[in-house]
Amino acid sequence: MVGCTLPPWLLGGQREGFALRVRWEPPWVCGVHMEGSWAGVHVNGVVGYPCTPYGGCGRGAPHPGAPSPCCLPCPRCAQRLCSAAWGDTIFAVSSGHGRCGVAVIRTSGPGSRGALQSLTGRPALPPPRVLALRRIRDPATGEPLDRGLVVWFQGGDGVHQTPPRQRPGSAGPQSFTGEDCAELHVHGGPAVVSGVLRALGALPGLRPAEPGEFTRRAFRRGKLDLTAAEGLGDLIRAETEAQRRQALRQMEGELGRLYQHWSDALTQALAHLEAYIDFSEDDNVEEEVLSQVDATVRALEREIGSHLQDGRRGELLRGGVRAVIAGPPNVGKSSLLNLLCQRPAAIVSPVAGTTRDVVEVALNVGGYPLVLSDTAGLRDATDPVEKEGVSRARDRLQEADLVLAVLDATAVPTEPVGLGAALGSLQPPPTTPCIMVLNKADLLKGKGGSLRAACTQGHPLPPVTLLSCKTGEGLDHLLALLARELARLCGDPLSGSPSLTQSRHSLHLRQCAVALARYGRERRSDLGLAAERLRLARRHLGSITGHVSTEDILDIIFRDFCVGK
Ligand SMILES: Nc1nc2c(ncn2[C@@H]2O[C@H](COP(=O)(O)OP(=O)(O)OP(=O)(O)O)[C@@H](O)[C@H]2O)c(=O)[nH]1
Ligand SMILES: [K+]
Ligand SMILES: [Mg+2]
């Protein structure tokens with residue numbers, strides 16, 4: 001805070017050089033809310049915020065001594081203040097873009113009330129959270145822009161700041177961001193939408209929102225934790241039912257609650273350990289306390305360990321299972337890709353070695369997301385371009401979550417051992433699940449019966465099915481096998497404890513588990529060091545939910561959101 005200029009209305013006639021005490025806390029105490037930073041300043045017992053790039057008009061200009069376009073009367077006390085000092089107000093189209101029946105334009109921030117009053121031309125707002133039909137005008141010219149529905153959501157207004165929710169689920173301001181919000185449901189024509197956006201942008205203190213800024217403000221106000229914010233992002237991107245179920249569960253806070261529960265247990269264990277360290281010499285704290293702490297830590301280690309060993313279910317469901325079609329040249333791999341996605345995505349030809357580049361399509365099989373890749377036929381190629389294709393195919397095979405091994409049904413042996421050897425020649429990664437597809441079944445003559453018998457024998461073979469890409473025969477069976485494998489890999493998103501969905505989570509959980517294991521090792525030799533391990537473990541849990549976070553992590557998380565969310 002050193003060197004920053006305080007606006008005179010905040011200083012209230014203080015002399016220069018007055019001592020300032022900085023509180024790094026959420027700014028809800030009778031001061032002015034400052035979006036983007038948590039610093040509040042105590043000036044002679046009064047909490048306020050300096051006019052810095054983080055709050056105020058950003059120019060250090062005195063407000064409201066010298067009125068400027070950004071000075072607005074405070075909606076409650078009518079004092080004229082730098083509107084930016086109480087947090088700027090953002091706006092964006094929150095419905096999809098392009099021509100549509102209805103477009104929803106949303107605002108968030110202390111200027112929402114004034115914006116709604118200006119655009120509807122009425123000082124009285126509709127009751128909160130109730131739709132009202134209003135004529136919407138450009139306040140600068142008075143020109144009607146549309147007739148539409150408006151909604152008003154009362155939040156904490158930024159000047160008379162209400163405490164943000166400390167935990168998701170507790171009571172708080174009834175708006176998405178926790179701030180004052182307004183929504184304008186207007187006709188979705190481009191001219192209407194751009195007219196309303198222009199009118200909003202001309203109001204003092206209002207500016208277009210950055211991608212994800214509404215959700216970021218909701219996070220800031222404690223309306224949701226980071227896992228819930230990530231769940232919301234996933235829900236918007238969800239393309240299949242299983243993805244939607246998982247995202248909704250996470251958005252509603254189930255994953256966050258699980259991690260919070262672990263963090264609470266750890267906090268309690270740490271408090272007991274610290275009490276033991278401080279008071280055990282006075283014999284006020286018994287040895288049992290220490291064994292209780294040990295038991296809690298061991299239980300947590302076990303729970304986190306099994307949560308981590310979920311076979312990446314949540315991540316697979318979130319990002320899609322990467323299935324790779326692999327096999328010798330000309331067996332019908334590209335034909336299979338085209339059959340599954342029902343369009344000619346890959347070139348099919350009788351020439352062996354047609355496919356070189358990896359061709360990728362996204363599919364929805366039984367509600368599960370599948371990212372399917374067609375690859376070059378595996379053989380010792382001499383042509384340098386084909387060679388590169390084969391090398392890419394082998395790379396993809398190594399990264400696959402599921403392999404669709406395609407073989408020519410007319411060319412494979414009819415007994416299981418021979419079939420297994422044919423599969424082995426493709427060298428699929430040994431632990432990756434696999435489905436064998438014996439294609440060109442329409443060309444099988446007398447051989448069909450014995451091959452069918454070999455297919456149903458099961459073990460030691462992976463699931464095998466006969467297929468004809470030409471006639472479509474066997475497609476239903478292949479789809480059923482695929483759906484079964486996908487369900488096994490992704491799990492049921494509604495049952496059991498919520499799944500890990502992001503590598504960010506598993507990274508912190510792994511580091512948390514390492515710290516807990518170190519506690520176990522160090523606890524006999526150095527209790528102080530052991531306590532430090534628990535603190536570190538708790539910090540890692542806090543990083544997942546956002547109770548401990550840095551701006552750059554937040555930037556990465558909210559970067560992928562769309563504007564208006
Ligand atoms: N009779 C019959 N012919 C098929 C079937 N599936 C594919 N073919 C034919 O087999 C030839 C090769 O098909 P592709 O799909 O190009 O095979 P590929 O495995 O992708 O070939 P490469 O990319 O060269 O490795 C084409 O002439 C297809 O029409 C099938 O089920 N039955
Ligand atoms: K081919
Ligand atoms: Mg091909």
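Predicted model: local features only at pLDDT ≥ 70, side-chain atom pairs only at ≥ 80, totals over all residues.
Which strands does helix α14 lie across?

Helix α14, spanning residues 475-490, lies across β12 (321-326), β13, β14 (368-374), β15, β16 and β17. Relative to β14, helix α14 runs at about 115 degrees.

## Strand order and pairing

The open sheet consists of six strands, arranged as β13-β14-β12-β15-β16-β17, with mixed pairing. Its edges are formed by β13 (359-365) and β17 (464-466), each of which pairs on one side only. From one strand to the next, the twist averages 25 degrees.

Within this sheet, strands β15 (residues 402-408) and β16 (residues 434-439) run parallel and are joined by six bridges. Leu 404 has Ile 435 in β16 as its bridge partner. Helix α13 (residues 448-456) also packs on the sheet, where it touches β16 and β17. The direction of α13 makes about 155 degrees with that of β17.

## The α8–α15 helix pair

Helix α8 (residues 287-308) and helix α15 (residues 503-522) have axes that come within 10 Å and cross at roughly 150 degrees. Because angles over 145 degrees count as roughly antiparallel, α8 is roughly antiparallel to α15. The crossing of the two helices is left-handed.

On the α8 side, the contact involves Val 297, Leu 300, Glu 301, Ile 304, Gly 305, His 307 and Leu 308. These residues meet a set in α15 that includes Ser 506, Leu 509, Arg 510, Cys 512, Ala 513 and Leu 516, with Ala 517, Tyr 519 and Gly 520 also among them. By class, the contact of α8 with α15 has 10 nonpolar, four polar and two charged residues.

Technical notes: Residues numbered from 1 in each chain as written. Chains lettered and ligands numbered in written order. Axes fitted to C-alpha atoms, helices over the stretch in contact; angles between N-to-C directions. Helix = DSSP H or I, 4+ residues; strand = E, 2+ residues; numbered from the N terminus. Parallel < 35°, antiparallel > 145°, perpendicular 65-115°, else oblique. Left-handed = near helix turned anticlockwise from the far one by under 90°. Contact = placed C-beta atoms within 7 Å. Nonpolar A, V, L, I, M, F, W, Y, C, P; charged D, E, K, R; others polar. Pairing = 2+ DSSP bridges.
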